[in-house]
Amino acid sequence: MPPSRPHIVVNDLRIGWGTRVLMEHVTFDVERGSTFTILGGSGSGKSTLLRYLIGLEQPRAGTIDVDGLGTPHLYQGVPRFGVLFQSGALFGSMTLAENLALPLTMWTSIRGSLVRELVQAKLDLVGLGAFAEHLPGQISGGMKKRAGIARAMMLEPDLLFFDEPSAGLDPITAVELDQLILTLSRDLGITIVIVTHELPSIFLVADSCIVLDKVAKGIVARGDPRTLRDQSEIPFVHGFFTRSSLAASHGV
Amino acid sequence: MDVVVRADRDGDRARLTPVGQFDLPHAVTAAHAIANVERALVGCRLVELDLRSVGDIDGTGAVQLASLLDRVESAGPSTQVLDEHNPKAGRLIALYRRRRSASPLAQAEQRSVLARLGLMADRSIGTVRRGLDFIGHDAVAAQRAVAAPRSVDWRALPQLLQQIGADGLPVAAAANLLVGLIIGFLGVSQLGRFGATVYVPELVVVAHFRELGPLVTAIVVAGRSGAGLASEMATMKVSEEIDALRAMGFDPVRWLVVPRCLALVLAVPVLTWIGDVLALVGGLIATTALTDMSARAYVMSTANAISGPVFLGGLAKTPFLALAIGLIACGQGLATQGGAAEVGGRTTAAVVLSIFGVILISSLFTLLYAVMGI
């Protein structure tokens, strides 16, 4: 596959339930190897869009194409991507090592000491090497997210989805997580799609972004977040990036 | 394509050339290839890793090659990575080597049987102490609930009565009806051998009103509502709702446990009473079906057999049984720590313990009545 071809192509996607439309005419590409962010305020449908991208929901109108293989369907062989859910979504009854080993034992013939070696390497990669035998209940929220990233990477996907990776983290832990995302992107060449509204994180990691708005029911801006911050004429987008009041732009 | 690692030995120098795909699908073959080549490195002082023939490589392959280099270095020889023809592979391997933690691989602690036995004994003391602590806390909470009625979630009471009482009625009633039938059948077959079927109505009354009615109803409630209450409490604990109550200055025991226990104490006697009536129906069906006793004669005989001590002796137990179910279920729920798996474990424990507690208390009452001569 030529590297110029986008990793994800979303075309005229419409999201809603029944007659209620959450967003429509959603069209965007995610370039291979880039870090792409989906931005928007609370309730703008960021996380819902992510559910469609990873195949938890099937689109009713429009198309999503991941890796040139069409709309992602779950339960069809080895997952093509890894997902970090908001809280890490680790299985509480398993140690971190067991959590990480699960996808390997499920999808590959790797067993025994090689599993331990790969699990340990991934835990080391996210800085949790010493916590292999801990239960998720025994570690902090930031550590759970990092463990979630490690688990998402066990099958060596070239595409990772992060749902609000730095939400609820202190600024220092959030920066550490952003550094980790940069490492994954630059050193491993992984395409990363992040749903977030954390501004410092956006400016640090994002190559490009789309901004969703619940009033406009769709994408209101796209491009490099730094350029959007400095040059956008749209009051909502300008307000979003400069943290000024959104009330004026919505006529509230 | 096969995955191999070629080794070219030149005196005390060795050059390793991994050939093929070092990725997740080929991890097992790569592991064999690496294990094979490590034996050829004994006595080397310098080991070079030439990455020019590495095809596709991902994190898994990089980890395997990084581990190989680490193992070689820890055995003595120095290593060098030649990555000018494959910088991506070099970068990946370097990343995983850089991130490798200095700490040795943490292993789960292995304990001997004796040590585990000791730990269990040690923990059981704590469990008993926490159980007593909880009962004491409840006793205090009940007093304070009376003194400060606003500290109890009274609005939940009607719904709890509905869940425990009305919703539980069909299964409790069915269980009692069947037990009444069983006693009737047993009475007819055993007493019938002495021609004493005329005493079957009295047997049903005494056996069910005094002993089996409260017990059967309590066991049904323990299985149904005990599990429900325990899992509700456990989920609230896991999702920090209990902590939120505490932080808002509410005593979770007063706010949650008091109305639940009260609902049980109110509902279980009523369920038992209805169950008693249905057991009489069961006995009636069995007796009139198997013998020539008329329904009228059965009812008359039953009416004569029902006495204050028999009826009230049975009902008097029920609040205690209900309280035991409530305390055990809520106590287990509130003791939950950790995640989803613990919720299931605590719910199971609540049901098992409350059924056992119900049987134990019932036995104690039987003993007490025997001593009192009732």
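Chain A of this predicted model has nine helices and nine strands. Chain B, in turn, comes to 12 helices and five strands. The table sets the two chains side by side.

| Chain | Residues | Buried share | Share of contacts (residues at least 6 apart in sequence) that join residues at least 24 apart |
|---|---|---|---|
| A | 252 residues | 44% | 64% |
| B | 374 residues | 40% | 83% |

Let's start with the backbone of chain A. Asp12(A) is not a glycine, yet it has a positive phi of about 50°. This aspartate sits in strand S1, which covers residues 8-17 of chain A. Is Asp12(A) buried or exposed? Asp12(A) counts as exposed, because it has 12 C-beta neighbours inside 10 Å, and a residue with 12 or fewer falls in that class.

Glu156(A) also carries a positive phi, of about 55°, without being a glycine. Its place is in the loop that runs between helix H4 (141-152) and strand S6 (159-163) of chain A. Glu156(A) is buried, because 21 other C-beta atoms lie within 10 Å and the cut-off for that class is 20 or more.

**The nonpolar cores**

In soluble globular proteins, nonpolar side chains tend to be buried together. Here the largest nonpolar core holds 102 residues, and the members that touch the most others are Phe161(A) and Val211(A). Setting aside residues up to four places away in sequence, Val211(A) touches Leu39(A), Gly40(A), Ile219(A), Val220(A), Ala221(A), Val237(A) and Phe240(A).

**A closer look at Ala218(B)**

Over in chain B, Ala218(B) belongs to helix H7, which spans residues 200-238. Why does Ala218(B) count as buried? The reason is its 30 C-beta neighbours inside 10 Å, given a cut-off of 20 or more. Leaving out neighbours within four places in sequence, the contacts of Ala218(B) are Val268(B), Leu321(B), Ile325(B) and Val358(B).

**Helices H1 and H2 of chain B**

Two packed helices are described by the angle between their axes and the distance between the axes. For helix H1 (residues 27-38) and helix H2 (residues 59-75) of chain B, the axes come within 10 Å and cross at roughly 15°. H1(B) and H2(B) are therefore roughly parallel to each other, since angles under 35 degrees count that way. The crossing of H1(B) past H2(B) is right-handed.

Which residues meet here? From H1(B) come Ala27(B), Ala30(B), Ala31(B) and Ile34(B), and they meet Thr60(B), Gly61(B), Gln64(B) and Leu68(B) of H2(B). Sorted by class, this contact between H1(B) and H2(B) has five nonpolar residues, three polar ones and no charged residues.

**Where the chains touch**

Finally, the contact between the chains takes 24 residues from chain A and 25 residues from chain B. On the chain A side, helix H3 (113-125) and helix H5 (171-188) each supply at least two residues. H3(A) gives the largest share of that side, seven residues. By class, the side of chain A that touches chain B has 12 nonpolar, seven polar and five charged residues.

Key. Residues numbered from 1 in each chain as written. Chains lettered and ligands numbered in written order. Predicted model: local features only at pLDDT ≥ 70, side-chain atom pairs only at ≥ 80, totals over all residues. Contact = placed C-beta atoms within 7 Å. Helix = DSSP H or I, 4+ residues; strand = E, 2+ residues; numbered from the N terminus. Nonpolar A, V, L, I, M, F, W, Y, C, P; charged D, E, K, R; others polar. Core = buried A, V, L, I, M, F, W, Y, C linked by C-beta atoms within 7 Å. Axes fitted to C-alpha atoms, helices over the stretch in contact; angles between N-to-C directions. Parallel < 35°, antiparallel > 145°, perpendicular 65-115°, else oblique. Left-handed = near helix turned anticlockwise from the far one by under 90°.
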